[in-house]
Each structure stands twice: as structure tokens, then as C-alpha cells.
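Here are a few notes to read alongside the model. Have a look at it first, then go through the points in order.

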Amino acid sequence: MDFTVQDLIATLLPGAVPAALGYALAAVAVAFAVLSFFVAPLAGVTSWLERRVWARMQSRVGPNRVGPQGILQWLADGVKNIQKEDIIPASADRKLFLLAPYVVFSGFLGAFVVIPFGSWLIPADLNIGILYLLAITSLVVVGILMAGWSSNNKWSLLGGMRSAAQIVSYEIPAGVAVLTVIFLSGTLSMQGIIKAQGWAPWDWFIFYNPFTLVAFFLFFTAALAEGNRTPFDIPEAESELVAGYVTEYSGMRFLFFFFAEWGNLYVIGAIAATLFLGGWQIPATIFGVTMAEHPLLKGVLEFAVFFVKAYFWAFVAMWVRGTLPRVRVDQLMAMCWKYMVPMSFICLFGTIVLLVIWPEGNTALTMATLAVSCLIVLYFMWRVVYQIMHSRPTLYLKPYV
Amino acid sequence: MEISIDVLIFYLVSLVVVGSACIVAFSRNIVHSAFSLLGTFGGVAGLYVFLGADFVAAVQVLIYVGGILVLILFAVMLTHRISDIDITNRTVGRIPALVAVAVFLGILVYAIGETDWVRVKEVAFAPTTAVIGNLFLGDYLLPFQIAAVVLLVALIGAITLSRKEIKE
């Protein structure tokens with residue numbers, strides 16, 4: 001499918017449009033479309049879903065008034081926040097204070113440039129895709145430090161410092177875990193990594209060998225820490241730091257930080273799905289229907305498969321947030337440097353050794369890894385069911401009040 | 001000369017680089033100087049993109065913005081009485097600085113004038129990552145290893161300097 005936005009621009013604006021101007025217009029149009037029609041509703045609905053899921057886990061109701069089951073709550077929040085006064089503390093460093101939310105937000109939004117939603121649905125398939133992703137998200141650190149310092153508030157500064165230290169530390173296990181996948185796929189391009197996998201679970205990199213299975217969880221944990229999510233949300237630990245680096249922010253600027261955080265949940269899931277879970281791969285024929293003959297159906301199915309895989313991990317992040325307590329600062333750093341960094345290097349070297357022994361992969365090893373993973377999942381589910389049966393929880397609330 | 005859009009973008013990126021470099025040099029507030037490095041580093045990454053060096057551009061952002069800039073900010077922010085302009089951004093030694101800058105500028109202008117510039121008609125935007133990797137592990141293996149050893153030494157040195165001696 002060789003249809004590009006460039007062609008679309010050419011058909012919409014006939015006549016003498018220089019190619020470079022066409023590219024520039026296309027870039028702006030794509031950025032606008034992705035932001036308005038995908039990222040904004042996605043982050044909004046994620047914020048609502050997180051509040052509902054979290055409330056359900058704590059036997060509360062959660063927002064359920066605006067729209068069916070409260071699904072339009074995010075619109076109400078947005079409208080409310082946009083009307084609020086944008087308070088700037090008198091002692092704040094005004095320029096940096098005003099700039100910080102945009103730096104954080106552009107670092108987050110830049111990630112969407114290389115997220116592959118389907119085999120041809122990707123804003124730009126850079127051949128350095130995953131490296132670009134790691135690079136652009138480091139802008140967030142600078143923005144958070146900017147917010148923390150410019151607020152001229154000790155809680156903000158402490159929150160910003162903690163956040164920066166945390167993100168910089170956890171970039172290492174995350175980066176090394178990504179490197180194991182790059183060794184397997186031999187490319188940095190997001191589409192290339194997906195094309196190196198297949199639609200079936202035994203073709204995914206997560207089950208390629210036992211080391212990649214561990215690398216996946218290392219990556220996911222490190223990504224949660226980089227996204228400042230509970231149990232790693234010490235930068236905004238309410239019980240210690242008021243609200244960390246966002247303490248002095250109000251109105252829409254406050255919302256921009258959380259916009260980035262909720263949207264980032266999906267980005268984490270999307271990267272995990274791309275690197276380890278086969279991305280948008282679907283079988284070539286489903287129920288006798290050859291996918292190549294129905295490009296629209298193929299596109300929709302690919303998008304759906306990718307979205308479900310990515311959003312499942314966003315849901316797991318909410319689940320973890322509702323389950324685990326917050327770690328202490330020293331525990332956080334010890335966990336990163338004493339456990340996750342060595343483990344990620346072991347995963348990397350293990351994968352390299354296995355690649356030297358079996359350059360084409362080993363089917364028996366893959367199947368064994370898959371089987372063991374299935375057993376772990378089954379045992380986990382059995383434990384959950386056992387706990388529910390034996391604790392006899394009295395649910396005062398119906399699930400869908 | 002026809003001003004095409006890529007030339008325009010080039011000048012815009014250059015303006016960002018030079019402008020934020022000026023803020024780094026002239027700002028009275030050292031934290032503003034440190035944050036302005038963001039524009040300089042990012043703009044230089046943009047210039048690399050113009051030269052077709054995609055890998056170098058991404059690494060520039062990853063290392064300089066994600067690593068070095070954050071470390072500089074840490075150092076600056078943890079300094080005591082940082083908002084005091086008197087102790088951080090004093091203007092010292094104007095005349096030696098002026099002389100040094102003038103000499104350096106003269107050398108630069110001379111070098112630019114003497115260089116035989118070749119203008120490439122069509123820049124081929126080919127992936128560079130694999131080529132760089134092959135060169136590092138092939139022709140330039142020794143410099144690559146030496147750089148790695150230097151980094152290791154720096155790491156050990158930093159740990160030795162910052163650790164606390166535990167007296168028995």
C-alpha cells in the first residue's frame with residue numbers, strides 16, 4: 001500500500017505546491033490529527049478508566065455521573081481546568097515556569113511519531129525508530145527539572161530532583177532490555193522489529209528464550225518507573241512532598257503534566273507491544289479470508305490487535321497502581337542499580353550467547369518458554385480465584401453502579 | 001537566490017542554536033544558562049538531521065539532553081545560594097576574554113575562507129546505523145576500545161572520589 005500523506009496533500013492542493021512545502025504541511029497535518037483525534041481522547045479516557053478501575057479495586061464508585069458510566073468525565077475536567085485561573089507564584093521564575101509543561105508535553109507527544117499502529121499506519125517509520133523514542137522521551141526529564149526548579153518551592157525542587165534521578169537511573173535497564181530485542185531483530189526501525197516477529201505467540205520476542213521473557217518484565221518495570229507511576233511515584237508522593245513538581249501548578253498547566261502521564265501509559269504499552277508482543281501482526285488468512293485482498297479490513301484488524309495489546313499493559317499499570325504500595329527512595333535506587341541493571345545485562349549476554357549457538361532461534365526453547373509462561377499465568381489466576389473464594393469478600397457495591 | 005523551505009528551516013534551526021548559545025553565554029542567571037543548553041543541543045541534533053546523520057542526531061539528543069544536560073542541571077541546582085548572581089555569574093576578565101575571542105574568531109574566519117567547500121547536489125538520505133556499527137567494529141576498533149576504557153576509568157574514578165571511607 002503506497003498511499004502516503006504526501007499524495008493526499010497533492011490531491012487536496014492541486015497546482016504548484018513545492019514538494020518540501022507539501023512535506024511541511026503534511027507533517028503539521030499529521031501532528032494535528034494525531035494529537036486531536038487520537039492522543040487527547042485516549043489520554044482523557046485513560047484518566048477516566050484509571051479512576052474507575054482504581055475505585056473498583058478499593059470498593060469505591062469513582063466518577064460515574066458525566067455521560068454513560070462517567071465516560072465523558074475527562075471532557076468535564078478539561079472544560080473546568082481551562083476556565084480556571086492560571087496562577088503563577090510571585091517568587092517563581094516566570095519564564096521557566098510557563099515553559100515547563102510544554103517541554104514535558106512535547107517530550108511525551110514526540111513518542112507518537114514512531115508508534116506503529118498498523119502495517120502502513122505510522123506517522124514516520126524512521127530507521128532509527130526505537131533510538132529516537134528513547135532520545136525524545138529524555139526531554140521529559142528536562143521539563144520536570146524545569147518545573148521543579150522554577151516553582152521556587154522546596155517540595156517542587158525535591159520532587160523534580162527525585163524524578164530526574166529516577167528517570168536517568170531506570171533508563172539503563174530499560175535501554176539494555178530494548179537492546180536484547182535489537183539483537184534479535186537486527187534493526188532499530190519500529191516496523192522492522194514488528195516484521196521480524198509473527199502473529200502467533202511463539203513468534204513473539206517475549207517467548208524467544210527465557211532471557212527475553214525476563215527482559216520484557218524488566219522493560220515494563222523500568223518503563224513504569226520512568227513514567228513516574230506508582231509504586232515508583234516518589235516524585236509526587238503526596239504524603240511527603242504535597243504534589244512534587246506540580247505543587248505550584250494550577251489550571252490547564254497542571255493538567256498538561258497529567259495529560260502526559262496518562263497518555264504515557266499507552267506509549268509504554270505500545271512500545272512493549274512493538275518490541276516484545278508482535279505489534280500489529282495478524283495471520284495472513286483468517287477463516288479463509290485472505291487479508292491481502294481486503295486492505296481496509298486488514299488495516300482495521302491490525303489497528304485493533306495493536307491497540308488491545310498496548311492497552312492491556314496500560315490496564316496492568318492501573319492494576320499495579322491499585323495494588324502495590326509506594327517504595328522508599330533508597331529502595332527505589334537499590335532496586336534499579338543492585339538488581340535490575342545486573343539482571344538486564346545477564347539477559348543481554350544470555351541472549352547473545354543463545355544467538356551464537358542458534359542463530360535462527362531454537363523452536364524447542366521457544367515452546368518451553370511459552371509453556372512455562374502459560375503455567376505461571378495459570379498459577380497466578382488460580383491464586384486469585386483461591387483468594388477470592390476464601391476471603392469471601394462482601395461487595396457492598398455492584399460492579400457497575 | 002530562491003529561498004526554498006529547507007533553507008528556511010535550516011536558518012531557523014541555526015537561529016535556535018546561536019540564540020540559545022548566546023543566552024548560555026550572556027544570561028545573568030546560571031540556571032537559565034543551563035536550561036538554554038536544551039536549545040543548543042536540540043538544534044545541533046537538527047543540524048545533524050540536515051546532514052543526513054540520523055543515528056548521530058538521535059544519539060546527540062539521547063546523550064546530551066538526556067544525560068549531560070540533566071547532570072549539569074543537578075550540579076547547578078544543588079549548589080548553595082544558586083540564585084545569587086554575585087557568586088555565580090560575575091563578569092570577570094573582560095579584556096583577556098575579548099582578546100581570546102577575537103583571536104579565535106580570526107582563526108575561524110580564516111579557516112572558513114581557506115576551506116575548499118564542495119556542494120553536494122543531492123544528499124542521499126541512507127540509513128547510517130549499520131555502516132557506523134561496521135566501522136566501529138572493523139576499521140576503528142582500536143579507537144572504539146580506547147574510548148570504552150577511558151569511560152571505564154572515568155567511572156571508577158568518580159566512584160572512588162564520591163564514596164565514603166568506612167573506618168573500622
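1. Going along the sequence, chain B reads α-α-α-α-α-α-α. That is seven helices and zero strands, where helices (H or I, at least four residues) and strands (E, at least two) are DSSP runs numbered from the N terminus.

2. A word on the basis: this is a predicted model, with local features needing pLDDT of at least 70 and side-chain atom pairs counting only at pLDDT 80 or more, while totals for chains, interfaces and linings use all residues. Residues are numbered from 1 along each chain as its sequence is written, and chains are lettered from A and ligands numbered from 1 in the order in which they are written.

3. Chain B has 168 residues, and 15% of them count as buried (20 or more other C-beta atoms within 10 Å of a residue's own, with C-beta atoms placed from the backbone). Among its contacts (C-beta atoms, placed from the backbone, within 7 Å) with a separation of 6 or more, 51% join residues 24 or more positions apart.

4. Where do the two chains meet? On chain B, 20 residues are in contact with 25 residues of chain A. Helix 1 (5-26), helix 2 (30-50) and helix 3 (54-77) of chain B each give two or more residues to that side, and helix 3 gives the most, twelve.

5. Of its 123 residues, Val104(A), Val142(A), Phe219(A) and Ala272(A) touch the most other members. Helix 11 (residues 251-276) of chain A supplies the largest share of this core, 16 residues.

Notes. A residue is buried if 20 or more other C-beta atoms lie within 10 Å of its own, exposed if 12 or fewer, and partly exposed in between; C-beta atoms are placed from the backbone. Two residues are in contact if their C-beta atoms, placed from the backbone, lie within 7 Å. A nonpolar core is a set of buried Ala, Val, Leu, Ile, Met, Phe, Trp, Tyr and Cys residues joined through C-beta atoms within 7 Å.
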